[in-house]
Structures are given as structure tokens and as C-alpha cells.
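Hi,

Here is the structure we talked about. Please open it alongside this email; my notes follow below.

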Amino acid sequence: MHIDARKLENNSIIEGDICIIGAGAAGISMALQFAGSPLKVILLEGGGFEYEDRLQDLYAGKATGQPYFPLRSIRLHYFGGTTGHWAGFCAPFDEIDFEKRDWVPLSGWPVSRQDLDPYYEKAQPILELGPYNYDPAFWMKQDPAMIPLPFTTGKVRNKIWQFSPPTRFGKKYKDAIVGTKNIHLYTYANVTDIKANASVNHIEEVTIKNFYGKQHTVKARKFVLATCSVQNARLLLASNSQAPKGLGNDNEVVGRHFMEHLEMKAGELWFSKPDALHMYMWAFNTTKARAELAIAPELQREHKILNGTSSMIPLEAARNMKPFMEIWEDENGEGMAKKMRTDTEERADGGPAEFKPFNAFQLFMRIEQSPNPNSRISLDTEKDELGVPRGKLHWELTELEKKSIRKIHEIIGTEAGKWGAARVHLFDYLHDEKDTSWPSFTGGGWHHMGTTRMGTDPKTSVVDANCKVHGIDNLFVAGSSCFATAGAPNPTLTLVALSLRLADHLKA
Amino acid sequence: MDRRLFFRNSAVLSAALLIPWLNSCQNIDPATVPAPDFLSHTLDKESLQNIGKAYLRQFPDHQEPRTLAKLLLNDDAGATDLKTYFNERIRKDFEEGNTTIVSGWVLSATEARQAALFTLLNK
């Protein structure tokens, strides 16, 4: 059922069993797991069902360090959240992404890929994907035109992505949420404070506000923060009336280790004969799966590099494409959402994809960022219209990212050379291996991760293996802010899987 | 054998080996070395020469055509089809990790030298 919090009598008290704060991919996925259960689920959404500028403004904040996109537009503040403008790319993390890697500081998750596999499978239909099968051989059988490049040694492998339509959770699941009796969706319910008991080891209630002067209290047995990496950290830090450093932040880890995926051009792959590379191409609304070039885990270990994949774009097209840092610079969240949707949807005609052959392709990198405590979300002194200190981002990269990008493409080049018909050319910024600077087009994929990272040690993590905040028995976090490392793929499939796992844990 | 006889025999033996080798080096015609097959078919002349120039900056000791030719034809056992011979050398370079990055290109050491030689001969 749906309640507009603007219409409630002021100072209402709302009670339930589980309170999920945030109705994006994580929050909605979780809430639906309780549909029809005896539990009363309160689902709080700060916005309404459509974009509103004034609400979006609550997300504005400063960014320092490595230039970043405007914080105001990187997440969408309405029912459905940032699924309102995502592109639908989905792939599970690799096993190595969950492992302790001695060259990646603070790597290692308290859960394994095997722990998540059943939840990845459950997440597939939620994101309107195909079967939980990311084996290239499976997809090659579905489409005989998918012919892999002849990397025969296994050092360069094909990692498969599947494509969600993309699922706009706000449209797709509105009826399901609103029509379910035991899910109580409150819109215009911005959480501005989380209140704990005197010992600060149990959450008693949260305060919600809106622009209509209404303030209400929500009480529940368990609370789940699902407002994205930036906002999850911001809310914990800002809830500091009882814990001066913020909730769950005795060791000052909340907000730290903000991670992105670096997404940027890295080189060119030249062929002696033109090829359409059907297996590696993507047409919006048509392509079900495609491959990107990945480096075998044993080589990642040997060369001590991060995990990342390289996709290919015909050079003819790529040379006319602006980098994300130039395209996604608009502070206007609705404008950005429309721009991002237009970029993809207008190219769709739903017909079979036909890819022309070219003899040169741009290699476009997507690579994890190494966990860096200096890359962080903290609180600004400036407050938003509801009185909550704004979040600010300091984005910081390390030498390992650049070293890894160069090495990944050197490996691809060496392996391509073995079959004689292709060569790799690195872009200028990668020529000098001693050069640690970043070019102006360095950007991310709007994948925000790690600010309430998982771990067993409260000194280096915020939540445990069950996404429960260390030291607080009924406060949980859902979403990619729990990621201990960023992995190579886009985060949505993994954050939905993790959220489904949390839902199971809360049911138990 | 006394020491004087040993040294005299050694000198004769060394000369016997060295002179033909020196002759063969002097006989290497750098122009017989083909341009790198993949690069010359894929890139324009200027781009190929830029690779060559970058290689020569990286390896200033290789500025002489004969030096490069010697490196390239070092184990040429009378190969008649040099194009096939070099393509096989290049493939082997990649197999063995004998690669170099020149001006951002991930290349076999052999083809990088071929590019450099091409540049020297086509100034």
C-alpha cells in the first residue's frame, strides 16, 4: 500500500517490523521478498513517483580531489531510484573479486562468490535478464554469430555481460509494491535522523521529514539503509546526536573507501582484416549478451593488478564520442537522466542487431578502484533544506589503477600478437609506465561502492557478513555501499543479489 | 703442444671462424629486410615511420641500418622467403614474451626493429 507522508497528520508515529530506508534497486528488491509474509514492512522513499528538482537538490554536494561528476545528479531521488537512468549492464563478480589479494589493500570479502550464487540466480528475473548462465559457450550456442577472438592460451578470456531492458524499478514494481498489503510504502519520507538507545547498540526509531513541514517517527524492530553509497554514509555520519562520530563509526570507517569503476578509453585494437566482432558488440534493446575481454585470475596474481575488462567500440564511432566526464556534467538530475536514456534508447529499433565490420576498435576499460581510505564521503558544514549536513566527496585514486590499466592492455596486446592478425596501441597517457598522472577524461561509470564496506574487523569495515552494522544489533545496510572491493562488473546485479541475501537473513 | 704452438693454432682457428662471419655481416644488405608485415599493411607510411623513430629514440645504439639488419638476420640460415621467416620470428617473439612497447604499440621486438630499419632506409 502507498501513503503520501505529506498528507499524514504531523508527528505521526509509524510502526512496523522492518523499516527499509530507500526505494531503489536494493530497497524494492528487498521489500518484495517480504510480500505476503506476516511481517509489516515499512518502505521509506524520500521522493515521489516522478523526478522533482527540489527533492533532487537534497543530494547536491561538493566534490574534491580527482574531478568527479556533480553529486546532485549521480543518483536519482524518487521511487525506483537510480534505475531511472541506468543502462542495464549486468554480470556477476568473479571469484577473485571476493578473495584476499595481497597486492590490493583491504581486499577480501567475508562472503564468497559461492555464497552469492543462489542470490545472483534469484536476481536475474528481477532485472529481467536471461538464465543465470554467464558461460560464453552457452551464449555462443544461442547465437552462432557470436564468434570469439582467437585468444587460445586462456590468459585473455571472454567475460559475458547480460543486458536488462533496463528495468526501471519505479515503473516495473510500482504496482507490486503499492498493491501488496504488508508493504507500506511512504513517499515524501526523507529520513533525516536515526536514533539509537542510550547504549547506541540498538536503533529505536528514525525521523522523517518533507518540504510540507511534516515530521514523523518510524519505529521498527529492524532497520535497513538502502539509499546508495553516498547517502547511506551521509545518513550514518549525520545521525550523530548520540555518537559524535556518527552511527557505526567508532573506528571512522563510515564513508571511507568510496570506490568507482574507472571507465575510460585505454587503447586501440587493430586487425589486419575487418571484423564485425559480433560477440563483443552491444545494441540497446536488442543484444541479450556480449563479451568483454578479461584477464585470467592467475595473471592478475602474477602481475599484481586489479580486475577489469576491456570492451570494444568501432574506432570510427569511438573517435566521435565524448568522454563521460564531458557528457555527464549536468547538475540537473532529470536532464542527466533524460540524456542518459536518450543516448541508449533512441538508438534502439528492437530489430536484429547488425554490426558492420571494421578493422580498428577502441578498447574501453572498466576497472575496479583499489579500496583507498582517503577516497571518501564526509559531511559538509552546509546543510540541505531539511537540515541534514550535505555529503561531500573526496575522490582519490592510487597508482595501482593506472598500472593495472596499462598491464591489462599490454597482456591483451601480447596475446593478440600471438594470433598474428591484431595489434594493440595504448593511448598516450599509458605510454610512460612511470607517469602516475591521470588525463582529463578520467571518469567513472556512476557506480558508487564501498562506503559502508563489509568485513569481519570493525576497524576496517562498517558491516559484517550479514550486512549488519558492527555494534548495532538491528541496523543493516543494503546495496553497493557494502562492497568490500569494487570488482570488474557493473554493480547492479551484485547489489540486488546481496540485498536478496540480506532479506533472507532478516526473515530467519 | 707447447704454449706458443697452442696460441698460434688458436689464433688461426679464431680467424678461420671470424673472417667468414665478418664477411657475412658486411654482406648483409639492410634493404633486403622487409618492412613489418602487419604494420605496413595496417598503417600508413607515416605512422609506420613514427613507430620506427620512437624505437630509435628508445634504442639509440640501433641507429645504423647494418646494426639493425645484423640483429634481424642474426640467425638467418639462408632463409629464402624473408616475409614468412620474419612473420614466424614475430609470432615466436609474442609466444616467448619478447615484446616491447613503442609509442604505445605492443609489438614483437623483431617487428619493432623492422619498423626502425624501414624508417632509416626511407628517410
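In chain A, helix 1 (residues 25-33) packs on helix 15 at about 35 degrees, with the axes 9 Å apart. Axes are lines fitted to C-alpha atoms, for helices over the stretch in contact, and angles run from 0 to 180 degrees between N-to-C directions. Helices (H or I, at least four residues) and strands (E, at least two) are DSSP runs, numbered from the N terminus. By class, the contact of helix 1 of chain A with helix 15 of chain A has nine nonpolar, three polar and one charged. Here Ala, Val, Leu, Ile, Met, Phe, Trp, Tyr, Cys and Pro count as nonpolar, Asp, Glu, Lys and Arg as charged, and the others, Gly among them, as polar.

The model is predicted: local features need pLDDT of at least 70, side-chain atom pairs count only at pLDDT 80 or more, and totals for chains, interfaces and linings use all residues. Residues are numbered from 1 along each chain as its sequence is written, chains are lettered from A and ligands numbered from 1 in the order written, and side-chain values use heavy atoms, without hydrogens and water.

Helix 15 (residues 492-507) of chain A also packs against helix 5 (residues 113-126) of chain A, at about 110 degrees and with axes 8 Å apart. Helix 5 and helix 15 of chain A are therefore roughly perpendicular (65 to 115 degrees; under 35 is roughly parallel, over 145 roughly antiparallel, the rest oblique). This crossing of helix 5 and helix 15 of chain A is right-handed. The contact of helix 5 with helix 15 of chain A holds 10 nonpolar, two polar and four charged residues.

In chain B, helix 4 (residues 65-72) and helix 6 (residues 109-121) pack at about 150 degrees, axes 10 Å apart. Helix 4 and helix 6 of chain B are therefore roughly antiparallel. Their crossing is left-handed.

Now the interface. Chain B gives 14 residues and chain A gives 19. Together chain A and chain B bury about 1400 Å², 67% of it on carbon and sulfur atoms. Buried area is the accessible area (1.4 Å probe) that two parts lose on being put together, summed over both. B:Phe38, B:Phe94 and B:Val106 supply 40% of the area chain B buries against chain A.

One salt bridge crosses the interface of chain B and chain A (a side-chain nitrogen of Lys or Arg within 4 Å of a carboxyl oxygen of Asp or Glu). A:Arg423 and B:Glu111 meet in a salt bridge at 2.8 Å, N to O. The count over all chains is 31. Another salt bridge joins A:Lys62 and A:Asp380 at 2.5 Å, N to O. A:Lys62 is in a loop and A:Asp380 in strand 15 of chain A, so the pair ties together parts 318 residues apart in sequence.

Two backbone points. The peptide bond from A:Pro165 to A:Pro166 is cis, omega near 10 degrees. A:Asn285 has a positive phi of about 70 degrees although it is not a glycine.

Best wishes

Note on methods. A crossing is left-handed if the near helix is turned anticlockwise from the far one by less than a right angle, and right-handed if clockwise. Contact means heavy atoms within 4.5 Å.
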